[in-house]
Amino acid sequence: MKDKQTLAKSVSSSVWDSVGDSVRDSVWDSVRNSVSSSVRDYVRTSVRTSVSSSVLTSVRTSVYISIKNKQL
């Protein structure tokens with residue numbers, strides 16, 4: 001009887017360790033993917049905004065200088 005209880009506890013412990021590892025890995029994969037996606041979206045938006053603003057400023061300056069030079 002003692003051997004059966006020991007075996008049952010061992011099997012139960014092993015199963016719970018395995019399930020715990022799987023759940024933990026799944027949760028971390030999900031968190032990693034979510035954070036990665038959020039960071040990627042933030043960087044994309046930030047770069048797009050920065051480049052857009054920079055290009056717009058450059059075009060405005062270029063147009064302003066061109067118009068000013070033609071008036072002279």
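## A tour along helix α1

Start by selecting R24, which counts as partly exposed at 44% relative accessibility; here buried means under 20% relative accessible area, exposed over 50%, and partly exposed in between, with a 1.4 Å probe and protein chains only. The model is predicted, so local features need pLDDT of at least 70 and side-chain atom pairs count only at pLDDT 80 or more, while totals for chains, interfaces and linings use all residues. Residues are numbered from 1 along each chain as its sequence is written, and side-chain values use heavy atoms, with hydrogens and water left out.

**Stop 1**

Helices (H or I, at least four residues) and strands (E, at least two) are DSSP runs, numbered from the N terminus. D21 is partly exposed, its relative accessible area being 37%. Side chains of opposite charge can pair when their charged atoms come close.

**Stop 2: D29 and R32**

Next, select D29 and R32. Their salt bridge has its closest N and O atoms 2.8 Å apart. In helix α1 the two are three residues apart, so about one helical turn separates R32 from D29. The relative accessibility of D29 is 37%, which makes D29 partly exposed.

**Stop 3: D41 and R44**

Move on to D41 and R44. A salt bridge joins them, and the closest N and O atoms are 3.2 Å apart. Because R44 and D41 are three residues apart in helix α1, about one helical turn lies between them. R44 is partly exposed at 41% relative accessibility, and D41 is partly exposed at 37%.

How many salt bridges does a search of the whole structure find? The search finds three.

**Stop 4: two C-alpha distances**

Select the C-alpha atoms of D21 and S62. These residues are 41 apart in sequence, and their C-alpha atoms are 60 Å apart in space. Then take S50 and Q71, which are 21 residues apart in sequence, with 32 Å from C-alpha to C-alpha. Q71 is in helix α1 and is exposed, with a relative accessible area of 67%.

**Stop 5: the whole protein**

Now select everything. Along the principal axes, the C-alpha atoms fill a box of roughly 105 × 5 × 5 Å. The radius of gyration is 31 Å, whereas a compact globule of 72 residues would have one near 11 Å; the radius is taken over C-alpha atoms, and the globule rule is 2.2 Å times the number of residues to the power 0.38.

Colour by accessibility. Of the 72 residues, 0% are buried. The protein exposes about 6,600 Å², and carbon and sulfur atoms supply 59% of that area (Shrake-Rupley method with a 1.4 Å probe; for residues, only the protein chains shown count as cover).

Finally, colour by charge. How far apart are the mean positions of the 11 positive and 6 negative charges? They are 19 Å apart. Lys and Arg count as positive and Asp and Glu as negative, with His and the chain ends not counted; each charge is placed at NZ of Lys, CZ of Arg, CG of Asp or CD of Glu.

Technical notes: Salt bridge = Lys/Arg side-chain N within 4 Å of Asp/Glu carboxyl O.
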